[in-house]
Amino acid sequence: MLRLQEYRYHRPRGLAEALELLAGRDDALPIAGGTDLVPNLKHRLFAPHHLVALKGVAELQGVALLDAAGRPVAAGDPAAAELAIGAAVTLAEVARHPLVRRWFPALARAAGQVAGPQIRNQGTLGGNLCLDTRCTYYNQSLFWRQALGYCLKKDGTVCHVTRVGRKCVAAHSADTPPVLMTLGAELDLVSPAGERSLRVADFFVADGQWNTVRRPRELLRRVRLPLPPPGLRTSYQKLRQRGAIDFPLLCVALAAQLEPDETTVRGLALVVSALGARPRAVTGLERLAGRPLAEAAETLAELAFKQCHPLENLIVDAEWRHAMVPVYVRRALAEIGG
């Protein structure tokens with residue numbers, strides 16, 4: 001049996017108290033749903049002596065429409081400009097919330113495909129965005145990793161995937177970030193030093209050891225999504241071994257802005273994930289503007305295949321996962337095309 005080490009559990013009443021608890025301790029970690037952190041604690045991948053609970057912090061809750069000045073507005077108000085989702089909102093709530101389902105169905109689908117119902121009822125949107133990267137050589141017990149001589153991501157000096165280099169290639173395995181990237185979403189982060197905002201597309205870096213720009217003791221407060229313009233269609237496709245529970249082997253998020261005729265491409269955004277340490281935004285899509293959506297399928301699938309290169313960091317063959325990239329891109333396009 002894998003046991004947790006001793007720690008003290010803190011339940012702050014507000015965001016300011018949570019930040020104060022984190023700022024005063026170098027051996028403290030925030031915990032929301034804990035669906036990823038607790039198994040990692042049992043594997044001794046982290047060893048905090050203090051856990052700061054976030055799910056009871058009111059400032060991290062809620063789903064609301066905001067106007068251009070950031071003020072809450074009612075559903076149906078023409079002044080609505082964006083949708084704000086608190087970082088501690090559960091994935092289950094994101095998946096079923098009527099505002100998310102109305103404006104961002106691909107996000108609702110991505111949240112609804114994370115693991116199983118028990119995990120979605122506990123896990124949070126912020127936790128999914130900040131999910132630790134995964135690797136066959138990292139997500140193991142302390143005994144297993146010790147026998148191997150550890151790895152570059154934790155306690156070792158060698159990457160067992162690449163055998164060379166000083167950069168960890170553990171895989172980004174979260175469902176919601178690729179969709180949020182295609183939708184132009186922004187994040188609000190807060191720390192004792194103040195607040196800052198950045199695009200989800202700028203949140204991730206290509207180093208599996210710490211694959212976000214989130215600073216120590218900085219918390220994700222909320223996600224903001226600009227309301228989509230008319231003619232935007234989205235899709236989320238996920239490959240995994242089983243239809244539930246498993247982490248993705250491949251994620252494809254696609255957003256297509258169509259002309260009023262609903263068949264001609266005005267713009268495309270495609271993000272492929274679960275292959276490297278961060279989601280990959282496929283480039284070169286501007287050449288497809290003005291073409292019929294049906295004709296763009298093969299070019300888009302070919303671009304994704306050429307730009308995405310999975311490594312042997314997960315348990316399934318990398319060449320097969322690579323071959324599935326164009327397959328799932330075509331499925332996303334087929335769904336968008338109706």
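Trainee: Which residues of α11 are buried?

Mentor: This is a predicted model, in which local features need pLDDT of at least 70, side-chain atom pairs count only at pLDDT 80 or more, and totals for chains, interfaces and linings use all residues. Residues are numbered from 1 along each chain as its sequence is written, and side-chain values use heavy atoms, with hydrogens and water left out. Helices (DSSP runs of H or I, at least four residues) and strands (E, at least two) are numbered from the N terminus; buried means under 20% relative accessible area, exposed over 50%, and partly exposed in between, with a 1.4 Å probe and protein chains only. By that rule the buried residues of α11 are A318, R321, H322, M324, V325, P326, Y328, V329, A332, L333 and I336.

Trainee: What covers the buried residues of α11?

Mentor: Contact means heavy atoms within 4.5 Å. The cover includes β10 (232-239), β11 (250-258), β12 (265-273) and α10 (293-307).

Trainee: Where in α11 does the kink lie?

Mentor: The bend at a residue is the angle between axes fitted to the seven residues ending there and the seven starting there. In α11 a kink of about 30 degrees comes shortly before the proline P326, at V325.

Trainee: Which residue's backbone nitrogen does a side-chain oxygen of D317 reach at the start of α11?

Mentor: A polar contact is a pair of N or O atoms within 3.5 Å; within protein, one must be able to donate a hydrogen and the other to accept it, and residues adjacent in sequence count only if both atoms are side-chain atoms. The side-chain oxygen of D317 comes to within 3.1 Å of the backbone nitrogen of E319.

Trainee: Why is the pair of Y137 and W144 called tilted?

Mentor: Rings of Phe, Tyr and Trp (its six-membered ring) pair if their centres lie within 6.5 Å; planes under 30 degrees apart count as stacked, over 60 as edge-to-face and the rest as tilted. The structure holds two aromatic pairs. The rings of Y137 and W144 have centres 6.4 Å apart, and the pair is tilted because the planes stand at 50 degrees.

Trainee: What is the angle between the planes of F203 and F204?

Mentor: F203 is buried at a relative accessible area of 0%, and F204 also counts as buried, at 5%. Their rings lie 5.2 Å centre to centre in an edge-to-face pair, and the angle between the planes is 75 degrees.

Trainee: Which residues does R214 touch?

Mentor: R214 belongs to the loop between β8 (194-199) and β9 (219-226), and with a relative accessible area of 15% it is buried. Not counting residues up to four places away in sequence, R214 touches C130, L189, R196 and F203.
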